[in-house]
Structure formats: structure tokens, C-alpha cells
Amino acid sequence: MSTSQRNPQPHSESTADDQLRHGTVTDRLVEANQRYAAGFADPGMDARPVLNVAVVACMDARLDLHEALGLELGDCHTIRNAGGVVTDDIIRSLTISQRALGTRSVVLIHHTGCGMLNLTENFRHELELEVGQRPSWAVEAFPDLDQDVRQSMERVRTSPFLLHTDDVRGFVFDVRTGLLREIDPEIAPEP
């Protein structure tokens, strides 16, 4: 069942009811996998993406990247994190994707209504106060979607580890319309 066909109840009621009837969410996922595996046939695909493209996007649950981009299983590598920002770990994954598995193009996707627009690096300080240890990672929050897409494109284009940096494009996905808006990599001068 797709998420658009679901009729969600308020979070607190549905979660408690579902756990009583079906166990945990993880139990439901394992049950769904068993149904999936019962009809599964090995598609005989190689690990190399058919379209030689890697898509870096936010982990937001509203983004159905395959549906939004018209992709099929095996077409691309999909790399996701909070905000879809290009971090050291994204560079690591892109480097493996390009050097070991043949991708040549990189598509970067941020989206409207992103939670990273409301966070700051102070989040790390709050965590340190709560748990007694400062996270080693940066929050990578941003106040401007377009500018962060530009920064992410620049990080990919200037990475010494990546072989293919000519076809790097960035977009903002509108969660209300489903449309992509391409971001010019160059910052427009102030009028």
C-alpha cells in the first residue's frame, strides 16, 4: 500500500494501537518483507546503476525519489541524509559509486519545508548538555535552500576523490507540487 493510499490517524493513537495489534513498527516491516520475499525473483542486475547516476537527497519521508524522477530499480544509486547535504560521508559514498561502480552524473536534491532550515549548530551544544558528550559531526543546518544546494554542488565539484564532476546538478523539490526547481550553481549578484 502506498503512503498516498493510507489514511493516517493521529500519531499517538495509531502507534499505540498498531503496537498492540501488530507488534512494533520493525515487526511490521519484517512481516512486509516476508510477503515481498515470497514473490521475489532475482532480477539478475549488476550493482552498477543502469543510468550511471547517483542521487543525493534528504531523508525526508515525503520524498519518493524513484517515483518523482521516473526511476526504476537498478537505475541509480540513492544516497540520503538529513538535509541532503554533501558531507564527508556523502563524498565517501559518491567516490565508491564513481570509482568502483561506474557512475558519472550526480543529482543533488534538497526540498521545501526541510527540518534543517529550523536547526542551528546549537543543536550539538544542546545534545552535549543532555548526554555529556559533544557529537563529532556537524549539524550542517542551513537557512537558505538555494545557497546550500550551491554549496553542495561546489563540494562535489571540488572533491579530489571524485573522477566525474562535470555533470553535477542541484535542485529543490517542492513538497506541495512535486516539481523540481533547478538551482544555478553561480550566485546571482545583488541588484
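Modeller: Strand β1, which covers residues 53-58, is joined to β2 by 6 bridges, and the two run parallel; strands here are DSSP runs of E with at least two residues, helices are runs of H or I with at least four, both numbered from the N terminus, and two strands count as paired if DSSP finds at least two bridges between them. This is a predicted model, in which local features need pLDDT of at least 70 and side-chain atom pairs count only at pLDDT 80 or more, while totals for chains, interfaces and linings use all residues. Residues are numbered from 1 along each chain as its sequence is written, and side-chain values use heavy atoms, with hydrogens and water left out.

Within this pairing, alanine 54 has histidine 77 of β2 as its bridge partner. Strand β1 is also joined to β3, by 5 bridges and again in parallel, and there the bridge partner of alanine 57 is isoleucine 109 of β3. Strand β1 is mostly covered, since 6 of its 6 residues are buried, where buried means under 20% relative accessible area, exposed over 50% and partly exposed in between, with a 1.4 Å probe and protein chains only.

Stepping back to the whole sheet, it is open and has 5 strands in the order β2-β1-β3-β4-β5, with mixed pairing. Strands β2 (76-81) and β5 (180-183) stand at the edges, each with a single partner strand, so one side of each is left without a neighbour in the sheet. From one strand to the next, the twist averages 25°; such angles run from 0 to 180 degrees between N-to-C directions, and the axes are lines fitted to C-alpha atoms, for helices over the stretch in contact.

Two helices that pack on the sheet complete this view. Helix α4 (residues 88-99) touches β1, β2 and β3 (105-111), and its direction makes about 175° with that of β2, contact meaning heavy atoms within 4.5 Å. Helix α6 (residues 145-157) touches β3, β4 (167-173) and β5, with its direction at about 160° to that of β4.

As for the setting of the sheet, the protein chain has 6 helices and 5 strands, which follow the pattern α-α-β-α-β-α-β-α-α-β-β when read along the sequence. Of the 191 residues in the protein chain, 32% are buried.
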